[in-house]
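Please open the structure in your viewer and keep the selection tool at hand. The tour below moves from one selection to the next.

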Amino acid sequence: MSTLAPDSAAARWVPFLVAAAFFMENLDATVITTALPQMAVSFGVAPARLSAGMSAYMLALAVFIPLSGWLADRFGPRRVFSAAILLFTFASLLCGLCTSLAQFVAARVLQGLGGAMMVPVGRLVVLRNTRPHELVRAIATITWPGLVAPVIGPPVGGLISTWLSWHWIFLLNVPLGLVALGFALKLVPPGGAGKRAFDLWGFISSGIGCSALMMGLDAASHQPVNIALTAGLLALGVVALAVTAGHMRRASQPLVDLTALRIRTFSVTVVGGSLFRIAIGSAPFLLPLMFQLAFGWSAVTSGFLVLALFAGNLAMKPGTTWIMRRFGFRTVMVGNGLLVAAGFALCATFQPQTPLWFICLVLFFCGLCRSMQFTALNTIGFADVPQARMTGATTLFSVLQQMNAGMGIALGAVSLRLADSLLGHAGARPSVAAFRLSFALIAIVALLAVIDSIKLPRNAGAAVSGHGAQEAQQK
């Protein structure tokens, strides 16, 4: 697969192009939540039925992400990434023109297919065209869409649906997608066509496992919970993915190469990183619910408070490279991981009488910490992965990232119900105490995520962070 010259303008701009595509994809996954009532009226259905459109999108992502690595190797990254942007843009246009729920669900499946190709292939392009000492900055650039989009998506969707109409949530993607397509054709290297055979059994079994697991997690997040259905789907997903893993370890040309799991720095972002992403994914779910249901605040107040997370995310970006060069990956991931857990513990202290300035300060602090941890985990995960294993590592990472998002929402819902049960509360709405206990439980999950980082050697990822080189200069 051909690469760009490291010092070329194209190589410097590719991370920004990929970040823009990621932002468009991540924002679209969350922006429609506040527009569902208006869309339900337009389609003539109950608002609850609109969840089918959201589920279809998430399932398409889960099923087709494993296919993205094979497509990139087979047809080249420029073709696949450009085709993904084009498909996502066209599907967005179809979403905006829909007049029925059935049409909308079909369009969302197409949109999910495009998004499934954009995420891992875009990350692969960045990893293959960035020099090691610039990897931290590049990963920080393409990480922020996943942090920012879930936070600003709901208020943006509310503004668009209020001042324009829900159709513009999707129609605005059309000019943005066309601009991104033009830059993709210009900046992304073409690569060569490969001859790797298609692993049909791996695709079928991974599709069954990922879709069953995602549907089970979605079922677990709804109230009341259908225990039999939820348990059955989760069990099917786990078994199917276990069968898939066994097959891919034995296959000569698996759909996803799992050998990168033997690399210590990559396994950290898989195990501890997954726990961290699951804990973080619960915050955008729990915070608005707590502010509105338990505290009785308006949706506007809730939305602007959560934007403090977004401010913290952005404020940390300029300092990530310096911090990791100064302290190294292990120190940052352990120390900052403890701060992430402390942030959840502080959220557990919130009450209706808590001053708004204190809540904003805590959420800003949480935004700083989670931004730092995301960048560190996403960077060290690929620090020691050789180019021959990069496609498999990127694809596996993207699958886990998608799964972790669903698990985060499920964790928030399950922890809230568990807290309510432990407190003996049987009301229709969760109590303030239940939300506080829920955040305390999630703080424990965040603490568990740090254990994996403690086991890293002191010089882990030094070639990427530059920490060892700085220490040598000081001596």
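Start by selecting helix α15 (residues 329-347) and helix α16 (residues 356-380), whose axes come within 9 Å and cross at roughly 145°. Helices here are DSSP runs of H or I with at least four residues, numbered from the N terminus. Axes are lines fitted to C-alpha atoms, for helices over the stretch in contact, with angles from 0 to 180 degrees between N-to-C directions. The crossing of α15 and α16 is left-handed; that is, the near helix is turned anticlockwise from the far one by less than a right angle, while clockwise would be right-handed.

Show side chains next. On the α15 side, the contact includes Phe329, Val332, Met333, Asn336 and Gly337, and on the α16 side it includes Val362, Leu363, Phe365, Cys366 and Cys369. Contact means heavy atoms within 4.5 Å. By class, this contact of α15 with α16 has 16 nonpolar, 5 polar and 1 charged residues. Ala, Val, Leu, Ile, Met, Phe, Trp, Tyr, Cys and Pro count as nonpolar, Asp, Glu, Lys and Arg as charged, and the others, Gly among them, as polar.

The model is predicted: local features need pLDDT of at least 70, side-chain atom pairs count only at pLDDT 80 or more, and totals for chains, interfaces and linings use all residues. Residues are numbered from 1 along each chain as its sequence is written, and side-chain values use heavy atoms, leaving out hydrogens and water.

Buried residues of α15 include Arg330, Val334, Ala341 and Phe344. Buried means under 20% relative accessible area, exposed over 50%, and partly exposed in between, with a 1.4 Å probe and protein chains only.

Now select Leu447, in helix α18 (residues 432-454). Leu447 counts as partly exposed, at 42% relative accessibility. Leaving aside neighbours within four places in sequence, Leu447 is in contact with Leu338 and Ala341.

Go to helix α14 (residues 320-327). The axes of α14 and α16 come within 11 Å and cross at roughly 65°, and this crossing is right-handed. Thr320, Ile323 and Met324 of α14 meet Met372, Thr375 and Ala376 of α16 in the contact. These residues divide into 4 nonpolar, 2 polar and no charged.

Which residues does Phe327 touch, not counting those up to four places away in sequence? Select Phe327, also in α14, and look for Trp322, Val332 and His467. Phe327 is partly exposed, with a relative accessible area of 37%.

Move to helix α8 (residues 173-187). Its 15 residues should span 21 Å at 1.5 Å a residue, and the end C-alpha atoms are 20 Å apart, which agrees. Colour Asn173, Gly177, Ala180, Leu181, Ala184 and Leu187, which are buried. They cover an arc of only 145° around the axis, so they lie on the same side of α8; the arc is that of the directions from the helix axis to the C-beta atoms.

The last stop is Ser211, in helix α9 (residues 200-220). Is Ser211 buried or exposed? At 15% relative accessibility, Ser211 counts as buried. Beyond neighbours within four places in sequence, Ser211 is in contact with Leu59 and Val63.

Technical notes:
Helices (H or I, at least four residues) and strands (E, at least two) are DSSP runs, numbered from the N terminus. The expected span of a helix is 1.5 Å times one less than its number of residues.
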